[in-house]
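Take a look at the model below. This report walks through salt bridges, cavities and a surface patch.

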Amino acid sequence: MNIASVGIGIVAIYVLVRLVTITLDTLHWRSIASEMENLTRDLQSKPSPWRGKKFLILCNPYGGSKMGRPYVTKVVTPLLEQAQIRSKIFFTEGPNHASRILQSVEIEDFDVLLLVSGDGLLHESLNGLSSRCLSNPEFFRMLKKLPLAILPAGSSNGMSTSLGGRYVIPAMRNILYGHAKPVDLLQVHLGQFEDNFKMKTETQFWDCGHVSWGLISFHDWLQEKKLRGIPTHLRNLLAPLISIVWKPKFRGKLSMKPHPIDAEQTKKEGYRSAASLDDSKQFGDGWKEMRDDLLLVSGCNMPYLAYDIQAAPFLHLGEGAVALFVLKHKISRQKLLSIFLKLDSGKHVFEEDVQVFKVKEFAIQPQGRNPGEISLSGELFPTSDVLVKTHTDVLHMVY
């Protein structure tokens, strides 16, 4: 095979991919137009409860497949006008821009903060809002006064899917006809533990979604950094495949404070009892711990980690608990692939190699030569010790 033949083949593949992409995009917008007509008719006969209110809209135009800006101009703006809802729109221009916007705007002028993006913008917005407050109670009062809504326009879209809005128009319908409902919030401390429970050089973040270490953060690192420039669908296919083949090893200590479970939950919902784990001398007071060569640790407080990953199928919003998933490194790649293929249905929780603990708090202490990175709903941070606490019903989401 000569160079000319290879070049022709590459061009042919590129043209084919472009044709498929254009066709799918055309079908996508036709479907949206049809659904918008139905929603517009409904708004004419049944007004939105947010009629006369004002939305602050933050859009990340670069997230996922870069559909944020078209969604705002072609979907959000027309439907808000039809619903007689006022709005002010900001398009973010890079990392931490949303945080700076939220620190400068007059929050009191708005009734809802609508995010058009994925889970990363939710993470950034929560921390931008918290930076305006001097204490946790003040932050919680702000979250009650300014509920958040989210329209899926990112790579994973776990939060919007967990709220019943996997697709754009159903999500928009939920927002226009929904009400502010409380959900749990995760307080995440990154730093280094001293000999006791306390941390030194601590950094605090707020999140709602998942805190992960190991294979999931490796997967997010591939998606957000190494594979960022390729089409979303191809990136979503390659990242898990590379993760399974690579199968990096992570050494560490995992500590947890169990949430009460009964025998029925253990049988029907796949939760493991933490009673067999060692007592934690470091944390004490009912904490348990394990030390091992680990492949994956992920604590989720929402049912969906991504639109196609039903990580915690039996976890309820506002339950005051985290579903903590653990996979040990000794698992085979064949078994790992089998588990990955069951993530969309949530049946992975019943696999023998998958340990799922229901916890109130947990801590990760990476050790060894491959510390990995920490992922907070897709936002990556340098590895450190991690302490995660649950705050029940303090975040208010519109759905």
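## Salt bridges, cavities and a patch

A network of salt bridges links Lys 253, Glu 289 and Arg 291. Keep in mind that this is a predicted model. Across the whole structure, a search finds 12 salt bridges. Three pairs are listed here.

| Pair | N to O distance |
|---|---|
| Arg 251 and Asp 293 | 3.3 Å |
| Asp 279 and Lys 288 | 2.6 Å |
| Glu 351 and Lys 335 | 2.8 Å |

Start with the salt bridge between Arg 251 and Asp 293. This pair links distant parts of the chain, 42 residues apart. Arg 251 sits in strand E8 (residues 250-258), and Asp 293 sits in strand E10 (residues 288-300). Arg 251 has 34% relative accessibility, so it counts as partly exposed. Asp 293 has 26%, so it counts as partly exposed.

Next comes the salt bridge of Asp 279 with Lys 288. Asp 279 is exposed, because its relative accessible area is 53%. Lys 288 is buried, because its relative accessible area is 15% and the cut-off for buried is under 20%.

The side chains of Glu 351 and Lys 335 also meet in a salt bridge. They are 16 residues apart and link distant parts of the chain. Lys 335 is in helix H11 (333-340), while Glu 351 is in the loop between helix H11 and strand E12 (355-367). At 11% relative accessibility, Glu 351 counts as buried. Lys 335 is partly exposed, at 30%.

How many cavities of 30 Å³ or more does the structure hold? It holds 3. The largest cavity has about 50 Å³ of space. Its lining includes Ile 150, Ser 160 and Tyr 399. The lining divides into 6 nonpolar residues, 3 polar and no charged.

Helix H7 (residues 168-177) gives the largest share of that lining, 3 residues. Why is H7 largely enclosed by the rest of the structure? Because 7 of its 10 residues are buried. Among them are Val 168, Ala 171, Ile 175 and Tyr 177.

The second largest cavity has a volume of about 40 Å³. Among its lining residues are Glu 269, Pro 313, Phe 314 and Val 356. This lining has 9 nonpolar residues, no polar and 1 charged.

Last, the surface. Leu 234, Leu 237 and Leu 241 make a nonpolar patch of about 260 Å². Leu 234 belongs to helix H9 (residues 232-246). Leu 234 counts as partly exposed, because its relative accessibility is 40%.

Terms used: Residues numbered from 1 in each chain as written. Predicted model: local features only at pLDDT ≥ 70, side-chain atom pairs only at ≥ 80, totals over all residues. Heavy atoms only, no water. Patch = residues over 30% accessible without salt bridge, like charges linked within 9 Å, V, L, I, M, F, W, Y side chains within 5 Å. Areas by Shrake-Rupley, 256 points an atom, 1.4 Å probe, with all protein chains shown as cover. Salt bridge = Lys/Arg side-chain N within 4 Å of Asp/Glu carboxyl O. Helix = DSSP H or I, 4+ residues; strand = E, 2+ residues; numbered from the N terminus. Buried < 20%, exposed > 50% of the residue type's maximum accessible area, 1.4 Å probe, protein only. 1 Å grid on protein atoms, 1.4 Å probe; cavity = no way out; pocket = protein on both sides within 12 Å on 5 of 7 lines; lining within 4 Å. Points joined across faces, edges and corners; volume = space filled by probe spheres on them. Nonpolar A, V, L, I, M, F, W, Y, C, P; charged D, E, K, R; others polar.
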